[in-house]
Amino acid sequence: MDLSELLKKDPYSLSRIEKDEIYREALYKLTEHHYKHCSQYRKILDLLLINPNIKRDKEDIPFVPVRLFKDYELYSIDKRKIYKTMTSSGTSGQGVSKIFLDKVTATTQTKVLAKIVSEFIGPKRLPMMVIDTKSILQNRNHFSARGAGILGFSMMGRDVTYILDDDMRLNMNSLDEFCHKYQGRDILVFGFTYMVWEFFYKALIKLGKKLSLPNAILIHGGGWKKINDQAVDNDTFKRSIEISSGIKKIFNYYGMVEQTGSIFMECEQGYFHTSIFSDVIIRNNDFLTCSINEPGLIQLLSLIPESYPGHSILSEDIGQIIGEDDCKCNRLGKFFKVQGRVLNAEIRGCSD
C-alpha cells in the first residue's frame, strides 16, 4: 500500500498487525532508495555492515542520529530539484539542521499534516488566528521550523490573521477585530508553545484583558523547555489559557523539522499518538527496544521523506510508550509521553 492509498484512510485506523505489514515493505523501499541516492547515508550503512537489500522489521531499520542533519547536507535527489530548504533552530555558536525537499515530498508533507489535523478540527477550513508575526514567512524557499509550521497549519485555515507585530508585541487592533468578526463561531488558533505563553497569555494578563473564545481550538507545540523553566507544565498551560481566553479545546503536538508533516497530536487523554504515517520506537542506552512504560530515547519513523534520508531518525528526546491500539480516545496506534531532552545532549529547539 503506497501513500496515496493511505491518504484515503482515517489517520488512526490501522492496528499494529496491519501497520507492521505496511511498514516492513515501505521502510525497506525507503532505505534502499536513500542508500542508492545519498552518498553519506550509504557510507553510514556500509560502515555498520547493513545490507539495504534485506527486508527488516521496523525495529531493525537503521536510524540516523538527528544531529547529523546539523553536520551534513543529506539529500537523495538531484540538487537542482531542491524545492524548499527548512532549518531547525540553533542557539548561538551551534549549527542548524538543513532539510532539503523536492516538490513531491513537500506536497506529501502538506497532505499528511492536513489529514492528521482534520481528525481534531474537522474537515472544513476554519478562520485562523496565528500567534506570531507575518514577517516569519518572508522567504518562501527557505523556512525555519517556525515558519514551516505556520505555513503548514495555515493550509487548514482561512482569513489567516497574525496578531503579533514585528517586535513580538500583541496587536490589539488585529486581535479585537478578529474576535469580533468571528464571535461565537468555530476558529483555529495556532502558535508555538513558548510564544503562546510569553506573547499571548502574559500579554493578556499584563493588560488585564480576558477574551471569550469558547469555540476556538488551539494547536501548539515546541518550546516547552523555556516555559518548563518557569514551572509551567501542560496542565498549568491549559488551565491558564482557558482562564485568559476561554479556549477549552487545546491540543499539544510533538514533532521536529527533520520529519515535518508526520506530527504526533495529543489526544483528549493527554497522550501523543502515532498516525498511520508515522511510528515511534523507544531505545535504551544500548539502543535496544524498550518495553511498555520503560523510558528511553525516541526513534521516529515516517513514510514521507523521499528527498532526504529522514525516514528513521534517533532523536535526543526521552519518552515512553504507554500502550498501543487501546487508548481511551479510541484511536489506534501507539500512544506515548515525552519527558524532555536527554541530559548533556546538544540543545536543539524546533520552533523558535
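How many helices and strands does the secondary structure of the protein chain contain? The count is 10 helices and 15 strands. Please note that the model on display is predicted.

**The whole chain**

Begin with the complete protein chain selected. Its radius of gyration is 20 Å, close to the 20 Å that the globule rule gives for 352 residues, so the chain is as compact as a globular protein of that length. Viewed along the principal axes, the C-alpha atoms occupy a box of roughly 60 × 45 × 40 Å.

Next, colour the residues by accessibility. Of the 352 residues, 53% are buried. The chain exposes about 16300 Å², and carbon and sulfur atoms supply 49% of that area. If contacts can be displayed, consider those between residues at least 6 apart in sequence: 71% of them join residues at least 24 apart.

**Strand β14**

Now select residues 312-324, which form strand β14. Is this strand largely enclosed or largely open? Of its 13 residues, 11 are buried, so strand β14 is largely enclosed by the rest of the structure. In a regular strand, side chains alternate between the two faces of the sheet.

- Strand β1, residues 64-65, runs parallel to β14 and is joined to it by 2 bridges. Select Val64 to find Ile313 of β14 opposite.
- Strand β13, residues 296-302, pairs with β14 in the antiparallel sense over 5 bridges. Here Gly296 stands opposite Gly319 of β14.
- Strand β15, residues 334-341, is also antiparallel to β14, with 7 bridges between them. Select Gln320 in order to see Lys337 of β15 opposite.

Is Asn293 buried, partly exposed or exposed? Its relative accessible area is 43%, which makes Asn293 partly exposed, since that class lies between the limits of 20% and 50%.

Which residues does Asn293 touch, leaving aside those up to four places away in sequence? The contacts are Gln320, Ile321 and Ile322. Gln320 is the residue already seen opposite Lys337.

Definitions and conventions
Residues numbered from 1 in each chain as written. Predicted model: local features only at pLDDT ≥ 70, side-chain atom pairs only at ≥ 80, totals over all residues. Heavy atoms only, no water. Helix = DSSP H or I, 4+ residues; strand = E, 2+ residues; numbered from the N terminus. Rg over C-alpha atoms; globule rule 2.2 N^0.38 Å. Buried < 20%, exposed > 50% of the residue type's maximum accessible area, 1.4 Å probe, protein only. Contact = heavy atoms within 4.5 Å. Areas by Shrake-Rupley, 256 points an atom, 1.4 Å probe, with all protein chains shown as cover. Pairing = 2+ DSSP bridges.
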